[in-house]
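Here are a few exercises to work through with the model open beside you. Try each task before reading its solution.

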Amino acid sequence: ESAQPGGQTARVSLPEKDLEYLYNYSHYILDASFDASTGFLPMGILACLWQNAMFWDSWFASMAWLSSNRADKAAKLSEFYRQKLPEARQLAEKMDGVGARFAWTTSRDHFELKAERVVQFHNNAVIALQCLQVYRFSGDEDFLKDSIEVVEQALRFLTERLVKIENGAASLRACAGLDESTADLKGTDTWTAATYAKALQEYLEACRKLGRPPFQEDLGEVAIMVVKALEENVDSQGVLQSFAGGRTPHWGSLIYHLFPEHPTRDQTVAALSQYDAELDSYNSHGVVGYRCRIFAWTEFWVARLMAASENPEGWARLRQCSKFTDGFGSIPERVFYHGELLKLPFLTAHAAYIWAVNSLLVNRQGNRLAVLTNLPEGWTTLSIENITTSDGLKISASLCKNKITRVVIVNLHQEVRYIDLVLPGQSLQRVSLNSGETFLQNG
């Protein structure tokens, strides 16, 4: 752990030591995979894991780090994308497009071969979001100024390539969604549309902050129309499919980390949650087959969604999938039908595990900050150190025999943070913290 403003990496002491071990081991996997000098983060430390390539799944690591007081590492990921911007511009030009097209995968030195053939585009939006979410954590305008060109050029490519406006309504032209056939393209793919619209919203806010005109005047209206277009992907049961007319929602329908108040959330999570009685776990990926019995990382993602709504089932979902590891604690990408663990240690699964645990312990929604309010039955003594929220609050707390004995909240953001603090067994407290200010409660 290297020193940084605000302290060191998040730590947890949990009553269930196997879950605590997986948390620490997951941080080790992320650190061992990461080239801190360049920001390059391959999806596995072994050549058999996608040939040590980096792709959009680095976003999961960014969210794990942003919730673990390691914004410096997440910022380094953004720096890697800045280094790749000239190559991304060249690829966009090769595809007869504008802006920058970031390849689906990249090595340390160059984009994948024949990158222009890939028709999955959402990674461009995710890269823009990653940069913007690092800025949202700190409020550092210097970082934003350094990163805004990556954000802008990535979104320019998508806007020119995918957005279609007819009769006052927007849709996205056909492309491949998550793990979908490149020969069976879909219009207004849910995940592509969601990541693009959310990135547009945050980009426009960043432009206002910098006093910078956006690259196109009507982008606010475009973002609203794209979100509106997603209503066409909702079926008669209120389930958000991955595209209009879909019959089995794919995990690309799980946009709720970006739009937590989306009205289809509960119905869609329920529809995706297919229980496997033999393994006592769930498959919420939406793709079921011999090679796709259980997907660990999607289950941790569902646990994180449940944490956001303070659903105690989130811990059970996390625990049910945490048993699929090797002897070291390495988590696979998926579990084969016959029980074999495929491709481990899978960085995305370890990152999603960290993100889920942090969210189950500390929940920030708007001004509301709930600390240790959503614990499993029987968890009466534990402690957390340096868990951080998406808007730059660092939280440490201790619980002893069901009583909160210590809470420390530090505002790492450059602007004031308003907090409606919720602690187990205590009345709501309203707190405001200026940049760098600390709230302390003992006993």
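Two strands count as paired if DSSP finds at least two bridges between them. Keep that cut-off in mind for the start, and remember that this model is predicted.

**Exercise 1. Strand pairing**

Task: Find which residue in E14 is the bridge partner of Leu-399, and work out how E14 pairs with E13 and with E17.

Solution: 
- Begin with E13, residues 393–400, and E14, residues 403–411. Eight bridges connect these two strands, in the antiparallel sense. With a cut-off of at least two bridges, they therefore count as a pair.
- Now look for the partner of Leu-399: in E14 it is Ile-404.
- Two residues lie between the strands of this hairpin, and Lys-401 takes a positive phi near 50°.
- Turn next to strand E17, residues 438–442, which runs antiparallel to E14 and is joined to E14 by five bridges. Here Val-410 is found opposite Thr-438.

**Exercise 2. A glycine in a loop**

Task: Decide whether Gly-392 is buried or exposed, and list what Gly-392 touches.

Solution: 
- Locate Gly-392 in the loop between strand E12 (382–388) and E13.
- Check its relative accessible area: the value is 0%, so Gly-392 is buried. The cut-off for buried is under 20%.
- Collect the contacts, leaving aside residues up to four places away in sequence: Gly-392 touches Phe-137, Val-410, Asn-411, Leu-412 and His-413. Val-410 is also the residue opposite Thr-438 in E17.

**Exercise 3. Aromatic geometry**

Task: Classify the ring pairs Trp-56 with Trp-251 and Phe-60 with Trp-297.

Solution: 
- Start from the total: the structure holds 23 aromatic pairs.
- Trp-56 and Trp-251 are 6.2 Å apart, centre to centre, with 10° between the planes, and this pair is stacked. The cut-off for stacked is under 30 degrees.
- The two residues are 195 apart in the chain, Trp-56 in the loop between E2 and H2 and Trp-251 in the loop between H8 and H9. Both are buried.
- For Phe-60 and Trp-297, the centres are 5.7 Å apart and the planes stand at 80°, so this pair is edge-to-face. Phe-60 belongs to helix H2 and Trp-297 to helix H10, 237 residues apart.
- Phe-60 is buried at 0% relative accessible area, and Trp-297 counts as buried at 5%.

Key: Residues numbered from 1 in each chain as written. Predicted model: local features only at pLDDT ≥ 70, side-chain atom pairs only at ≥ 80, totals over all residues. Heavy atoms only, no water. Helix = DSSP H or I, 4+ residues; strand = E, 2+ residues; numbered from the N terminus. Buried < 20%, exposed > 50% of the residue type's maximum accessible area, 1.4 Å probe, protein only. Contact = heavy atoms within 4.5 Å. Phe/Tyr/Trp six-rings, centres within 6.5 Å; stacked < 30°, edge-to-face > 60°.
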